[in-house]
Amino acid sequence: MLRMGQTDHGLGDKLWCCKCEDTTQKYNAIVHSAHGEVPDFLWYGRRPNAWEFRVFGCKIEAKIGIDLKTLQERTEHGYYMGTTSTKSVIRYWMPSKPEAIQYCTTARFFEHQTLLPNGQPSPGATIQALLLY
């Protein structure tokens with residue numbers, strides 16, 4: 001599952017640890033054969049919703065949560081790297097700051113625009129586009 005995700009997002013191997021955490025969150029949301037239940041439900045007491053899942057590495061527009069002057073940009077562009085364990089904080093990466101992962105609570109997702117390094121739409125983006133239309 002992790003290997004397929006690594007080839008899908010097209011951001012390179014540098015961000016493999018974020019992809020591993022994202023894959024683990026998705027794996028914990030499917031029924032486990034040992035006890036016939038979703039691990040997230042057993043651990044947190046709530047069942048995950050299908051709409052909580054996002055395409056890893058998709059483009060996002062994150063809202064900046066600091067005090068800004070009147071004409072300053074209120075959003076910044078980046079790539080989705082998953083959520084924190086509480087699922088309320090979004091992690092994203094910006095190519096302009098390659099050594100840091102940024103955090104926000106509000107973002108607009110462009111999942112249908114995720115491209116592979118060769119310029120083709122990723123399989124996850126293709127499926128997302130089919131679900132939207």
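This is a predicted model: local features need pLDDT of at least 70, side-chain atom pairs count only at pLDDT 80 or more; totals for chains, interfaces and linings use all residues.
Which residues line the second largest pocket? Residues are numbered from 1 along each chain as its sequence is written, and side-chain values use heavy atoms, with hydrogens and water left out.

**View 1. The second largest pocket and its lining.** The lining consists of Asp 22, Gln 25, Lys 26, Trp 51, Glu 52, Phe 53, Arg 54, Tyr 80, Thr 83, Lys 87, Ile 90 and Phe 109. A pocket is an open set of points on a 1 Å grid over the protein atoms alone, where a 1.4 Å probe fits, with protein on both sides within 12 Å along at least five of seven lines; lining residues have an atom within 4 Å of a point. The volume is about 210 Å³, taken as the space filled by probe spheres set on the points, which are joined across faces, edges and corners. Five lining residues are nonpolar, two polar and five charged (nonpolar: Ala, Val, Leu, Ile, Met, Phe, Trp, Tyr, Cys and Pro; charged: Asp, Glu, Lys and Arg; polar: the others, Gly among them). Helix 2 gives the most, with three residues.

**View 2. Helix 2, residues 16–27.** Helices are DSSP runs of H or I with at least four residues, strands are runs of E with at least two, and both are numbered from the N terminus. The end C-alpha atoms of helix 2 are 16 Å apart, in agreement with the 16 Å that twelve residues should span at 1.5 Å a residue (1.5 Å times one less than the number of residues). Cys 18, Lys 19, Asp 22, Thr 23, Gln 25 and Lys 26 are buried in this helix. They lie on the same side of helix 2, because they cover an arc of only 160° around the axis (from the directions of the C-beta atoms as seen from the helix axis).

**View 3. The largest nonpolar core.** Ten residues form this core: Val 55, Cys 58, Ile 60, Ala 62, Tyr 80, Ile 90, Tyr 92, Met 94, Cys 104 and Phe 109. Such a core joins buried Ala, Val, Leu, Ile, Met, Phe, Trp, Tyr and Cys residues through side-chain atoms within 4.5 Å. Strand 3 contributes the largest share, three residues.

**View 4. Thr 75 in strand 2.** Thr 75 counts as partly exposed because its relative accessibility is 26% (buried is under 20%, exposed over 50%, partly exposed in between; 1.4 Å probe, protein chains only).
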